[in-house]
Amino acid sequence: MKKIINIQFVLLLLTMAFIQSCKKDYGDLNNPTAEDFLKNASKDQLNNLVSGTESGMRNNLGLYLDETGVIGREIYRFSGSDPRYVTDLLGVNDATLSNNSFYINNPWAARYRVVKNCNLLIQAAANSTLITESAKKGYTGFAKTIKAYQLLLNLNLTYANGIRMEVDDPNNLGPIVGNDEALTEIANLLDEAKSDFGGADVLYPLAGFGTFDNAAGLVQFNRALAARVAVYRQQWSTALTALNESFFNLTGDFYAGVNNVFGTGSGDQLNPVYLPRNYSGEWRLAHPSYSEDIEANDDRIGKAVLRASSVTDPNSGLTGDRDVWVFTSGTAPIPIIRNEELILIYAEANIQTNNFTDAVSALNKIRNGHGLPDYGGAETHDALITEMLNQRRYSLFAEGHRWIDMRRYNLLDELPLDRPDLNVWEEFPLPSTEQ
Amino acid sequence: MKKLLFFIAGLICILLMPGLLFAQTKTISGKVTDANKNPLVSASVIIKQTSQGTATDAEGKFRLTVPVNATIVISSTGFKSRTIKAGEITGDLNITLDEDIARLDEVVVTGLATSVKRRNLANAVATISGKELNGVAPAQTFDAALSGKIPGAYINANSGAPGGGISVKLRGVTSVYGNTQPLYVVDGVFMDNTATSAGLNAVTSASPGTNTSSQDNPSSRIADLRAEDIENIEILKGASAAAIYGSKAAAGVIIITTKKGKPGRTNVSFSQDLGFVKVRKLLGVRQFTAERAASLSGDSATSAALSQQFLDAQAAGKIYDYEKEIYGETGFTRNTVLSLTGGSEKTSFYFSAAKKSEDGIIKNTGYRNSSIRLNVDHRINDNIKIGVSTNYINSSADRGLTGNDNAGVTYGIALSFTPGFAELHPDANGNYPRNPFAASNPIETRDKMTNNEGVNRFVTGINLDAILFKSANSSTKFLGRGGFDFYNLQTNALFPSSLQFQAVNKGTSIQGFTKNLNTNYILSLVNNFSPSEKLTFTTSAGITQESGDFNNLLNIATQVISGQSNVNQAGALTASQFRTKFQDDGIFVQEEASIADAINLTAGVRFDKSTKNGDPDKYYTYPKAGISWNLTHMGFWKEGGLFDNFKLRAAYGQSGNFPAYGSKFTSLGVSNIAGFPGSLINLQEGEPGIKPERQTEFETGLDFAVLKGKVSMQITYYNKQVYDFLLLNTLPPSSGFTSQWVNAGNLRNSGIEMGLNAQPVTGKNIRWNTSVNFWLNRSKVTKMTIPPVTLGSFGPVVGTFFIQEGKSATQIVGLGGADGGLAVWGDQEPKFQMNNYNEITFYNKLSLRFLLHWKNGGENVNITTLQNDIGGTSVDFDDDKNNNRIPDAYDRLMQIGSSAQQFVQNAGYLRLREVGLYYSFSMPQTSLIKGLHLGVSLNNYVTFTKYKSYDPEVSNFGTGFSTGLDVTPFPASKRADFHISVNF
């Protein structure tokens with residue numbers, strides 16, 4: 001009987017010892033973790049962050065384009081499954097913009113997610129002992145440029161409600177800053193990035209940058225964005241300086257520039273705003289005013305092609321008969337910034353600095369490029385601003401500009417209201433989670 | 001440690017006691033029968049306080065040599081046991097056992113290795129017999145068969161899709177984001193119940209931006225189990241009963257015992273069910289007129305065209321009821337079971353082979369299940385028993401395409417936009433017309449698509465029971481139990497390029513492969529020690545280990561070559577893989593003491609660690625204790641007086657719930673571009689210090705039986721506190737993260753369960769057994785360290801769950817409160833539930849059984865009707881009940897954005913869940929056929945509800961916290977079956 005007790009004891013002790021001895025931690029089986037990158041990242045790991053950043057810029061980009069297009073009265077976004085594209089965004093049935101809905105939460109979070117990735121990239125590059133100083137500058141310059149662009153897109157949505165600039169430490173976020181201050185900081189960030197690119201090695205592959213995938217090209221891209229920010233800040237000479245350092249080319253291809261690109265590869269994305277012509281269930285239709293207001297012979301009518309039959313949205317009663325036809329395939333790129341915009345920025349800055357001749361010649365480049373004769377209107381500040389805005393409307397149609405342009409010229413009340421009970425919103429509220 | 005000392009002390013006592021000498025023995029023999037003189041096979045005949053004994057044979061006879069001064073206990077499942085002193089026996093015994101209506105003598109598992117009779121139990125443990133589970137009106141799957149049968153449970157079907165998918169919540173919601181579903185243990189094997197998404201989200205975009213979603217409507221894997229194989233189910237509803245299962249037990253434990261062989265003649269049984277399923281209810285469709293057709297568009301030209309289209313269709317007699325066409329099929333059902341039981345004194349077996357084949361209420365949907373089970377028990381010698389149970393299952397479910405959808409592709413969403421005058425039928429050449437009203441042609445989708453879940457599953461459990469030592473008043477046993485549950489799940493979703501909504505993707509093939517292996521073992525020592533007739537100690541201690549390895553590979557191919565499904569026959573392919581792996585280790589000690597068979601004390605503790613916790617090496621402690629006090633056994637009341645049995649009981653226990661898998665990591669997902677691999681930080685921030693949720697439960701109650709046990713009642717009150725429950729804290733998204741897991745608060749569930757068992761009629765010719773259960777639960781969030789959280793719905797516009805301190809955990813809030821704020825419009829929690837099970841037997845031959853289930857109150861968020869209003873097709877679109885000369889649908893639509901009240905609807909019901917009528921023919925024992933049973937049954941046939949969608953039982957988000965969200969689900973069905981069963 002003594003034996004039995006011994007057996008029991010031995011069994012228990014053995015098993016206890018067995019349990020104690022096997023220390024198990026499986027780690028994350030599915031993903032790399034932030035800690036992995038911060039330890040001592042290799043070039044390949046940093047390049048993964050660069051590509052992830054470039055890829056992440058496309059998340060919810062379709063929604064951004066849809067909502068800026070809808071509020072800017074460029075497009076109708078009818079959806080078989082979500083009435084809020086018409087109710088909330090247009091103000092149907094007295095609906096207002098919510099601070100807790102997908103149209104602000106999703107794009108806002110997607111942009112800040114990319115900002116976080118950029119911050120992780122900056123930190124990971126700084127911590128790495130496996131790359132040179134000039135390589136670090138290459139990563140930092142890229143990260144800051146993209147960060148500035150992403151912050152600008154969010155600021156475009158929330159405008160006077162501001163954005164948060166200091167977001168490095170998730171547990172200790174900086175304050176929300178207003179539009180002017182945010183634009184200043186975004187401009188500063190772009191300037192910092194530009195100086196980082198001086199003497200930088202670009203060791204990473206880029207997807208949507210075409211020939212701008214080296215340090216010099218990235219500076220040109222950075223300056224193009226700086227020119228856009230400058231006109232938003234009404235700093236016209238700064239804009240012109242930035243244009244000179246960018247890929248601006250008055251006689252160049254309108255579509256030269258940097259794009260969000262799409263593909264069918266594994267883990268890649270398709271163009272989120274592409275729909276085949278005459279598609280039903282989900283609709284992106286040109287606002288009727290687009291074809292009503294367009295000048296004769298303007299080839300940009302091709303961006304809004306007639307459907308086989310018109311579509312009426314049951315929630316709002318609104319009708320459209322032209323499909324938006326800007327992105328004509330599932331892999332069509334969506335421009336981040338392109339030469340046509342730069343030409344129009346050039347025109348705008350020259351109008352604002354009373355250099356009408358250069359402005360008119362730039363506008364004529366646009367007009368002639370789309371099958372229109374030279375500008376024949378008055379060469380006054382106001383008339384030229386109107387013409388410039390009109391060219392921007394057609395040249396940058398459905399690319400997310402109209403609403404912002406009309407807002408910065410205080411012209412939102414000139415956007416066409418389909419019914420008197422609708423509203424043109426000035427800005428989105430901050431997501432409730434930011435307040 | 002104290003327990004261990006006690007255990008050792010007990011063993012030392014045993015050592016010092018001289019073995020009792022059996023001076024005299026005698027041999028007794030006899031026959032055991034029920035009240036109707038039918039022999040009871042396998043009744044156990046045991047010398048009290050030992051494990052020595054025998055079992056009756058096929059004729060109910062036994063023979064046993066016992067000491068003259070011994071006490072003999074004769075028992076059989078479902079009957080009251082009887083005690084007889086050996087000294088008083090003369091000649092052959094003829095013992096009649098009475099039916100145990102109150103189930104006082106039922107043996108209930110109380111530990112990982114021990115069990116106790118219900119009359120001494122400190123907890124309210126619900127049990128379901130095989131007959132109650134499957135013997136009235138069999139449901140399609142095992143999980144559906146539980147509906148309405150567990151007092152204290154809120155059981156809800158996610159949809160009517162074939163192949164199961166049921167949420168079981170025991171005593172309220174025990175977690176918000178963590179696991180809310182009980183642990184299923186089948187013959188000692190921890191069965192996996194993961195719901196694995198088939199990746200339909202890639203087509204439906206119900207949750208945009210991901211491949212899989214909780215809205216993909218997968219089945220739950222426990223549905224694979226065959227109800228016919230089940231002997232008995234015990235339900236440990238909370239921590240006070242289930243603490244010994246430690247950190248897996250917070251949502252309760254469902255212990256399933258399958259059928260075992262019996263010594264004696266081999267019994268061959270063959271049964272066949274034939275029947276059909278039909279949709280339980282259709283909503284109806286809008287009756288169009290030319291005017292109404294015109295009103296679908298605000299554009300005058302389009303209106304005119306629509307009006308003309310309607311008139312043309314009307315003239316051609318081509319106005320259709322597409323809802324009926326899609327959901328109105330009658331599915332043929334078949335189920336065949338062949339079983340063999342038998343064995344010798346040493347070895348017994350149960351074998352079953354079964355095949356089920358059912359079509360659904362939608363064309364091209366259905367469920368198949370084939371299963372083979374072999375359970376073998378073998379006695380190596382008097383001291384060592386070994387049991388092996390094996391089960392192979394092959395199941396296949398075709399589930400159609402239903403539920404929420406942001407792409408207009410599911411049947412329901414497409415139907416909601418499609419008026420009856422649209423032409424969706426294929427032309428003579430088989431070409432389906434495009435549906436101009438929606439993104440898809442649901443008739444075409446139904447005819448061409450595939451959404452199949454196929455499972456191959458192998459479950460094996462092993463039991464080893466060895467008596468290491470025994471004396472007259474003590475015995476020590478080693479119990480080893482363990483097993484594995486392995487399955488391969490293949491999901492196959494196929495959308496050919498010719499489908500209307502495949503214009504962009506040009507054919508999608510989603511192939512998912514899942515492999516899951518769960519293993520577990522329990523090694524324990526159990527000592528029984530009876531220092532005197534009036535005192536028994538049971539000490540158990542042991543170790544457990546559970547591990548799991550889940551690996552899911554999902555391939556989504558688009559641009560699929562026509563007619564092909566292989567993912568390489570495609571222009572584009574994305575793949576995703578998800579793995580989880582865990583190992584949990586536990587140590588437990590339990591002590592039970594029985595004093596004079598009247599006072600039972602239990603105390604136990606379990607220590608658990610898990611790789612799922614923030615710190616994988618930290619042990620968490622889960623204690624439990626219970627007491628039951630049987631007053632009738634104390635001699636306060638004489639047995640046979642007013643009270644046949646009267647027991648007071650109280651129990652306390654703790655258990656845990658693991659943090660969500662991966663919650664401790666801040667991870668980066670893959671996000672590629674132009675062939676460059678990219679890493680993009682995930683929106684969820686990791687919490688390295690994440691802890692398990694902890695639950696403490698106290699329950700108390702009284703059980704009594706009167707009128708010689710003909711009426712018995714149980715009343716239980718419980719109070720369950722969940723501490724450190726996990727919430728996804730919403731972070732300001734400017735941090736780069738939108739959420740983070742935190743141990744954010746406490747919540748409480750308290751409730752009452754009452755049960756009544758009675759035998760109102762006990763004639764020789766008519767017997768009526770009935771049971772009534774009543775239960776209710778109330779929850780309250782008692783503490784939250786983060787702001788209120790909305791979850792599980794589409795936001796306050798339609799009504800959403802809202803976790804808020806001081807409020808019910810399952811409240812539903814929405815727009816429409818004062819000053820434009822939120823108002824509470826409902827609560828998922830029913831006010832109360834009741835069930836009533838009856839079995840009426842006439843002349844021992846004809847048996848009528850039925851189960852009524854009443855769920856009083858409890859709200860759903862119904863946006864199915866909203867969807868039909870938006871699509872202009874709801875049946876009551878043009879009604880004008882408020883006489884404001886505006887169609888009601890417009891009135892309803894106008895409220896969107898101002899109040900969510902209309903969407904939060906009472907989902908209470910009274911349902912005749914099951915009714916069955918069975919007749920047994922008596923056969924002479926000499927004939928080849930020993931028994932013939934015929935029956936007819938109806939399942940879900942009668943429901944009284946005011947709920948406005950297809951069925952009050954629905955859950956768009958599957959089996960998580962948030963059941964009851966209704967978005968164009970697969971409609972619920974009703975079943976009718978004819979049964980024939982033959983015994984050889």
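These legends accompany close-up views of a predicted model. Residues are numbered from 1 along each chain as its sequence is written, while chains are lettered from A and ligands numbered from 1 in the order in which they are written. Because this is a predicted model, local features need pLDDT of at least 70 and side-chain atom pairs count only at pLDDT 80 or more, whereas totals for chains, interfaces and linings use all residues.

**View 1. Where chain A meets chain B.** Here 73 residues of chain A are in contact with 77 residues of chain B (contact: C-beta atoms, placed from the backbone, lie within 7 Å). On the chain A side, helix H1 (2-21), helix H3 (43-56), helix H6 (102-127) and strand E6 (304-312) each supply at least two residues. Helices (H or I, at least four residues) and strands (E, at least two) are DSSP runs, numbered from the N terminus. Look for H6(A), which gives the largest share of this side, eight residues. By class, the chain A side divides into 29 nonpolar, 32 polar and 12 charged residues (nonpolar: Ala, Val, Leu, Ile, Met, Phe, Trp, Tyr, Cys and Pro; charged: Asp, Glu, Lys and Arg; polar: the others, Gly among them).

**View 2. Helices H12 and H14 of chain A.** H12(A) (residues 339-352) and H14(A) (residues 381-395) pack at an angle of about 170 degrees, with their axes 10 Å apart. Axes are lines fitted to C-alpha atoms, for helices over the stretch in contact, and angles run from 0 to 180 degrees between N-to-C directions. The two helices are therefore roughly antiparallel (angles over 145 degrees). Residues to find in H12(A) include Leu344(A) and Ile351(A), and those they and their neighbours meet in H14(A) include Leu384(A) and Met388(A). This contact has six nonpolar, three polar and three charged residues.

**View 3. A five-stranded sheet in chain B.** This open sheet has the order E10-E15-E16-E13-E14 (chain B), with mixed pairing (strands pair if DSSP finds at least two bridges between them). E10(B) (126-129) and E14(B) (189-191) stand at the edges, each with a single partner strand, so one side of each is left without a neighbour in the sheet. From one strand to the next, the twist averages 25 degrees. E15(B) (residues 230-236) and E16(B) (residues 253-258) pair in the antiparallel sense over six bridges; Ile233(B) stands opposite Ile256(B) in E16(B).

Terms used. Contact = placed C-beta atoms within 7 Å. Parallel < 35°, antiparallel > 145°, perpendicular 65-115°, else oblique.
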